[in-house]
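Here is a short tour for anyone meeting this structure for the first time. Have the sequence and the 3D view open as you read.

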Amino acid sequence: MRVAIATLGCKANQYDSEIMREIFEEKNFDIVLFPEHADIYVINTCTVTGKTDFQARQLIRRAHRVNPQAKIVVTGCYAQAAPGDLKKIPGVSLVIGNPDKWEIVNIIKEAEKTSFTGIIVTPLEKEIIFPEKKIERFSSKTRFFLKIQDGCNSRCSYCIIPRVRGKSRSMQPKTVLELLSSIGSSGYKEAVLTGIHLGAYGLDLSPQTSLLNLLHEIEKQMPVPRVRLSSIEPIEITQGVIDVLANSTIVCPHLHLPLQSGDNTILRKMNRPYSAENFQSLVLKLTNSIKDLAIGADVIVGFPGEGEEEFYQTLHLLEELSITYLHVFPFSPRKGTPAFSLPNKVNGNTVKKRSEILRQLSKKKRESFYRSYLNKKLPILIEARRHRKTGLLKGLSRNYIPVLIDGGDELTNQEVLVRVTSVEGEEVKGEIA
């Protein structure tokens with residue numbers, strides 16, 4: 001039978017989809033690209049915003065149009081949050097919650113025998129151990145996203161993720177190191193360590209450990225040439241983590257920090273455990289300590305109570321700081337979160353205008369960062385897919401600069417030294433040095 005898997009959301013979700021892909025392959029299913037004609041469509045959903053819910057519904061309807069006879073199986077965070085709503089969509093056969101998706105093939109086979117169509121969602125309270133599912137390969141041929149932590153114990157007032165992912169759970173350090181060694185042996189040149197709350201890695205284990213301890217072990221063993229951290233909370237960037245990033249030969253000088261707001265009143269309403277001043281001093285410390293560092297930041301626009309003054313506090317903070325790029329999210333009220341019922345909602349048009357101001361700032365900052373490397377040399381990892389518009393090879397530097405170069409396919413999955421020759425907007429070109 002032919003199976004197509006579509007994935008929405010974060011890198012942790014992408015990793016989950018790769019595990020499901022391998023589970024299907026082990027049971028002799030054929031994997032085809034979504035939305036090709038398939039017998040089974042698996043939609044691995046995200047529910048972090050209303051937009052991702054809408055995108056999930058679109059994918060379900062698209063799959064149903066391609067093959068009205070196909071089984072459509074919906075899983076992931078939206079499935080955990082609102083299984084009843086999803087089951088009502090025409091074509092949906094099964095809704096499977098986050099803890100249950102590792103049994104997806106068995107569930108489908110059992111449902112086939114009994115003609116069952118319905119909902120299988122286990123309460124997250126039962127999820128107390130990290131499910132150490134191992135995968136041999138990732139769809140990307142050069143970079144491997146390795147989920148080492150899941151769930152979150154924080155209670156940010158706008159966020160539904162603890163309700164749909166459960167408490168923080170970590171992969172055993174021994175397993176992480178074994179997997180990284182296997183990833184390196186398979187030819188991958190970069191592993192991206194991902195999690196829902198990556199900075200909480202190891203705190204749930206016995207004996208307790210930490211992300212810092214894990215990074216020290218990775219540095220000792222050097223299982224892959226490059227290791228990158230995905231998003232990490234500002235308060236979890238300790239001096240030890242800074243030292244690793246400053247001195248490591250394999251951990252990339254690139255951080256992504258969820259700021260969310262630059263106004264202290266809004267940060268308190270969001271239940272974020274730091275102030276704008278804390279964030280400012282952290283970024284200054286990071287840029288002074290770590291050579292060539294790239295810093296991305298998440299920002300939520302239009303949180304209830306965000307007036308002109310609060311927005312401009314955020315804007316001015318970001319203008320002043322050496323942030324490389326921004327991910328801008330319009331506030332999306334999520335049922336079941338404290339922020340859902342907060343008063344002083346922000347007008348939709350105002351949110352759009354403010355979001356555009358921040359996106360333009362991001363564009364300006366990104367181009368400025370890229371231009372600072374004009375005529376300089378950078379090692380870049382050449383990716384498998386060529387740049388769609390130009391047909392040139394596309395590579396990624398350790399500090400997250402995408403560079404286009406002319407060259408043959410034999411350079412794929414190689415780290416090569418290039419000189420940056422031009423920057424036009426956000427398009428960077430180079431030549432082999």
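## Two helices side by side: α8 and α9

Let's begin with a crossing: helices α8 and α9 cross in a left-handed way, meaning that the near helix is turned anticlockwise from the far one by less than a right angle (clockwise would be right-handed). A word on the model itself: it is predicted, local features need pLDDT of at least 70, side-chain atom pairs count only at pLDDT 80 or more, and totals for chains, interfaces and linings use all residues. Residues are numbered from 1 along each chain as its sequence is written, and side-chain values use heavy atoms, with hydrogens and water left out.

Helix α8 covers residues 211-221 and helix α9 residues 239-247; their axes come within 9 Å and cross at roughly 25°. Axes here are lines fitted to C-alpha atoms, for helices over the stretch in contact, and angles run from 0 to 180 degrees between N-to-C directions. That makes α8 and α9 roughly parallel to each other (under 35 degrees; over 145 is roughly antiparallel, 65 to 115 roughly perpendicular, and the rest oblique). Helices (H or I, at least four residues) and strands (E, at least two) are DSSP runs, numbered from the N terminus.

Who meets whom? On the α8 side you'll find L212, L215 and H216, and on the α9 side G240, V241 and V244, where contact means heavy atoms within 4.5 Å. By class, this contact has four nonpolar, two polar and no charged residues. (Ala, Val, Leu, Ile, Met, Phe, Trp, Tyr, Cys and Pro count as nonpolar, Asp, Glu, Lys and Arg as charged, and the others, Gly among them, as polar.)

In α9, the buried residues are G240, V241, I242, V244 and L245; buried means under 20% relative accessible area, exposed over 50%, and partly exposed in between, with a 1.4 Å probe and protein chains only. They pack against α8, β12 (254-260) and α11 (276-289).

## A covered strand: β13

How many residues of strand β13 are buried? Eight of its eight, along residues 294-301. Both faces are covered, with A294, G296, D298 and I300 on one side and I295, A297, V299 and V301 on the other.

β13 pairs in the parallel sense with β12 over six bridges, and two strands pair if DSSP finds at least two bridges between them.

## A three-stranded sheet

Elsewhere, an open sheet of three strands runs in the order β7-β10-β11, with parallel pairing. β7 (143-147) and β11 (226-229) stand at the edges with a single partner strand each, so one side of each has no neighbour in the sheet. From one strand to the next, the twist averages 25°.

Five bridges link β7 to β10 (residues 190-194), and K147 stands opposite T194. Helix α1 (residues 11-26) packs on the sheet, touching β7 and β10, with its direction at about 95° to that of β7.

## Another helix pair: α12 and α13

The axes of α12 (residues 308-320) and α13 (residues 348-371) come within 11 Å and cross at roughly 5°, so these helices are roughly parallel too. In α12, the residues E308, F311, Y312, L315, L318 and E319 meet R354, I357, L358, L361 and K365 in α13. This contact divides into seven nonpolar, no polar and four charged residues.
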